[in-house]
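Open the structure in your viewer and keep the selection tool at hand. This tour goes stop by stop.

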Amino acid sequence: GKLRLDDQVTIGPQAVKARGARLFLRPGTTARVEDLLQGMIAVSANDAAVALAEHAAQNEASFVMEMNLAAKALGLRQTLFLNATGHDEKGQASTARDLARLTSALIRNFPEYYGWFARKDFTYLDITQHNHNALLWRDSHVDGAKTGQSRAAGHCLSASARRDGMRLIATVLGARD
């Protein structure tokens with residue numbers, strides 16, 4: 001309830017410094033919340049994640065505190081967030097069960113936005129990037145969820161598929177590729 005999709009977010013220097021996948025945001029420019037969300041979802045744009053965290057809670061650390069409160073409220077007992085991007089940080093952790101629960105809550109609580117997780121690509125600043133969830137191309141029943149990768153966690157995926165009125169969620173952590 002703090003953000004509207006058409007809100008303008010001023011991009012700060014911390015967002016631009018975010019490692020990993022990015023939308024190539026430039027400091028001092030503005031971007032719509034909707035574009036940052038879609039970039040974060042479709043292409044794991046870490047610069048967008050930090051920009052949104054700073055906009056929503058003044059700074060990333062305050063946003064991470066809110067993330068952990070939300071995780072507890074969802075019953076994620078084995079999850080501790082230490083940053084907004086999921087990048088390696090000693091002590092940050094989750095489990096396949098918790099990530100499956102998080103995916104289920106996302107689908108249940110935000111059905112109007114869940115279609116964004118099925119986007120195969122996203123274009124921002126005339127740069128088109130592809131979703132890392134290869135299952136979107138392999139099976140028409142797969143309708144999204146999220147990929148992630150870090151040195152400590154390996155390649156990770158929480159995927160969702162729906163067929164004949166039944167939804168399945170599968171979560172894989174620590175894969176080599």
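How much space lies in the second largest pocket? About 200 Å³. Keep in mind that this is a predicted model.

**Stop 1: the pocket.** Select Gln14, Lys17, Ala18, Arg19, Asn46, Val50, Glu60, Asn83, Thr85, His87, Asp88 and Glu89, which line this second largest pocket. Now colour helix H1 (13–17) and helix H3 (46–57): each gives at least two residues to the lining. By type, the lining residues are two nonpolar, five polar and five charged.

**Stop 2: a surface patch.** Select Phe24, Leu125 and Ile127. Together they make a nonpolar patch on the surface, with about 230 Å² of accessible area. Ile127 sits in strand E4 (residues 127–130). Its relative accessible area is 32%, so Ile127 is partly exposed.

**Stop 3: salt bridges.** The structure has five of them. Start with Arg4 and Asp7, whose side chains meet at 3.6 Å, N to O. Arg4 is exposed at 54% relative accessibility, whereas Asp7 is buried at 16%.

Next, select Arg32 and Asp35. Their salt bridge spans 3.3 Å, N to O. Arg32 is partly exposed at 31%; Asp35 is buried at 18%.

Finish with Arg167 and Asp143, where the closest N and O atoms of the salt bridge are 2.9 Å apart. This pair links distant parts of the chain: Arg167 is in strand E7 (residues 166–175), Asp143 in strand E5 (residues 142–150), 24 residues apart. Is Asp143 buried or exposed? Asp143 is buried, with a relative accessible area of 18%, while Arg167 is partly exposed at 26%.

Notes
Residues are numbered from 1 along each chain as its sequence is written. This is a predicted model: local features need pLDDT of at least 70, side-chain atom pairs count only at pLDDT 80 or more; totals for chains, interfaces and linings use all residues. Side-chain values use heavy atoms; hydrogens and water are left out. On a 1 Å grid over the protein atoms alone, a cavity is a set of points where a 1.4 Å probe fits but cannot get out, and a pocket is an open set with protein on both sides within 12 Å along at least five of seven lines; lining residues have an atom within 4 Å of a point. Grid points are joined across faces, edges and corners, and a volume is the space filled by probe spheres set on the points. Helices (H or I, at least four residues) and strands (E, at least two) are DSSP runs, numbered from the N terminus. Ala, Val, Leu, Ile, Met, Phe, Trp, Tyr, Cys and Pro count as nonpolar, Asp, Glu, Lys and Arg as charged, and the others, Gly among them, as polar. Patches are made of residues with over 30% relative accessible area and no salt bridge: like charges are joined within 9 Å, nonpolar side chains (Val, Leu, Ile, Met, Phe, Trp, Tyr) within 5 Å. Accessible areas come from the Shrake-Rupley method with a 1.4 Å probe; for residues, only the protein chains shown count as cover. A salt bridge is a side-chain nitrogen of Lys or Arg within 4 Å of a carboxyl oxygen of Asp or Glu. Buried means under 20% relative accessible area, exposed over 50%, partly exposed in between (1.4 Å probe, protein chains only).
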